[in-house]
Amino acid sequence: ETVAFIGATGSGKTTLVSLAARFYDATEGTVLVDGVDVRDYTFDALYDRIGYVTQKAILFSGDVRGNVLFGASRGKDSDADVQKALELAQASEFVDRMPGGIHAPIAEGGTNVSGGQKQRAAVARALITDPQLILADEPTGALDSRSSDALLELFGELNGTGQTILMVTHSVNAASHAGRVLFLRDGQVYHQLYRGGESQEAQFRRISDTLTVLAGGGEPHA
């Protein structure tokens with residue numbers, strides 16, 4: 001499924017995905033990925049199962065293809081693997097362009113990539129190991145509305161091919177694309193909404209109404 005976590009700053013959204021990715025370990029409780037405690041995986045084995053997409057795509061010097069290959073693990077670094085990831089992320093058309101690196105100036109000669117293209121390149125890098133789970137931390141936060149919608153549609157297509165998407169967001173629009181929305185408050189899952197057969201527009205309204213009730217200290221409807 002595609003699950004969105006939404007909540008105020010400090011509610012625990014980024015902590016949640018950081019624990020799943022083992023950026024740090026939980027001080028209490030257990031985090032399971034595919035039924036196994038994340039601490040029982042080697043890092044290579046864990047990152048074969050999860051892909052991570054951040055709010056602002058962190059790309060390195062070199063072309064898009066090289067950035068995608070950077071995410072590969074041993075045995076999943078062939079040209080075919082790279083090409084598959086690029087195609088899934090709809091990034092093949094700008095594979096030879098130069099993102100410019102984290103601190104590099106704007107490239108010359110028309111080789112730049114847009115913010116939306118950088119994010120798709122980052123998605124391709126997350127996909128190269130064919131992960132079961134994609135963790136996306138505010139993936140639309142640095143994008144304009146058009147690029148955001150394109151990325152959310154891409155996530156929907158990836159989910160349709162069998163990938164689970166766990167997305168952290170402040171955006172009601174982004175959350176409304178998910179099949180399930182969990183509301184976090186003070187580190188706790190406080191409420192959830194299933195989209196079911198609702199349209200994205202109807203789910204948008206339900207999420208907005210729920211956030212209004214929560215902000216006022218009330219109890220949301222089931």
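**Entry 1: strand 5**

I began with strand 5 (residues 133–137): five of its five residues are buried, so the rest of the structure largely encloses this strand. I noted that strands (E, at least two residues) and helices (H or I, at least four) are DSSP runs, numbered from the N terminus. Buried stands for under 20% relative accessible area, exposed for over 50%, and partly exposed for what is in between (1.4 Å probe, protein chains only). This is a predicted model, in which local features need pLDDT of at least 70 and side-chain atom pairs count only at pLDDT 80 or more, while totals for chains, interfaces and linings use all residues. Residues are numbered from 1 along each chain as its sequence is written, and side-chain values use heavy atoms, with hydrogens and water left out.

I then looked up which way the side chains go. Leu-133, Leu-135 and Asp-137 point one way from strand 5, Ile-134 and Ala-136 point the other way, and all are buried.

**Entry 2: neighbours of strand 5**

Which strands are joined to strand 5 by bridges? Strand 4 (residues 50–53) is joined to strand 5 by four bridges, and the two run parallel. Strand 6 (residues 164–169) is joined to strand 5 by five bridges, also in parallel. Two strands count as paired if DSSP finds at least two bridges between them.

I wrote down the partners. Ile-134 of strand 5 has Gly-51 opposite. Leu-135 is the bridge partner of Tyr-52, and in strand 6 the partner of Leu-135 is Leu-166.

Strand 4 is covered on both faces: Ile-50 and Tyr-52 on one side and Gly-51 and Val-53 on the other are all buried.

I also followed the chain from strand 5 through helix 6 (residues 145–160) to strand 6, which together make a right-handed β-α-β unit. Right-handed is the word used if, with the strands pointing away from the viewer, the path from the first strand over the helix to the second runs clockwise.

I checked Val-123 for contacts (heavy atoms within 4.5 Å). Beyond its neighbours within four places in sequence, Val-123 is in contact with Val-53, Ala-89, Leu-151, Leu-154, Phe-155 and Leu-158.

**Entry 3: Asn-67**

Is Asn-67 buried or exposed? At 2% relative accessibility, Asn-67 counts as buried. Asn-67 sits in helix 3 (residues 64–70), and a polar atom of its side chain lies 3.1 Å from the backbone oxygen of Asp-63.

**Entry 4: two loop residues**

I found a positive phi of about 55° at Asp-34, although Asp-34 is not a glycine. Asp-34 is in the loop between strand 2 (32–33) and strand 3 (36–37), and counts as exposed at 52% relative accessibility.

Asp-186 likewise has a positive phi of about 55° without being a glycine. Asp-186 lies between strand 7 (180–185) and strand 8 (188–194); at 67% relative accessibility, Asp-186 counts as exposed.

**Entry 5: confidence**

I ended with pLDDT, the predictor's confidence in each residue, from 0 to 100. The chain averages 86, and 93% of the residues score at least 70. Over residues 102–110 the pLDDT is below 50. Where pLDDT is low, the predicted coordinates should not be read in detail.

Definitions and conventions. A polar contact is a pair of N or O atoms within 3.5 Å; within protein, one must be able to donate a hydrogen and the other to accept it, and residues adjacent in sequence count only if both atoms are side-chain atoms.
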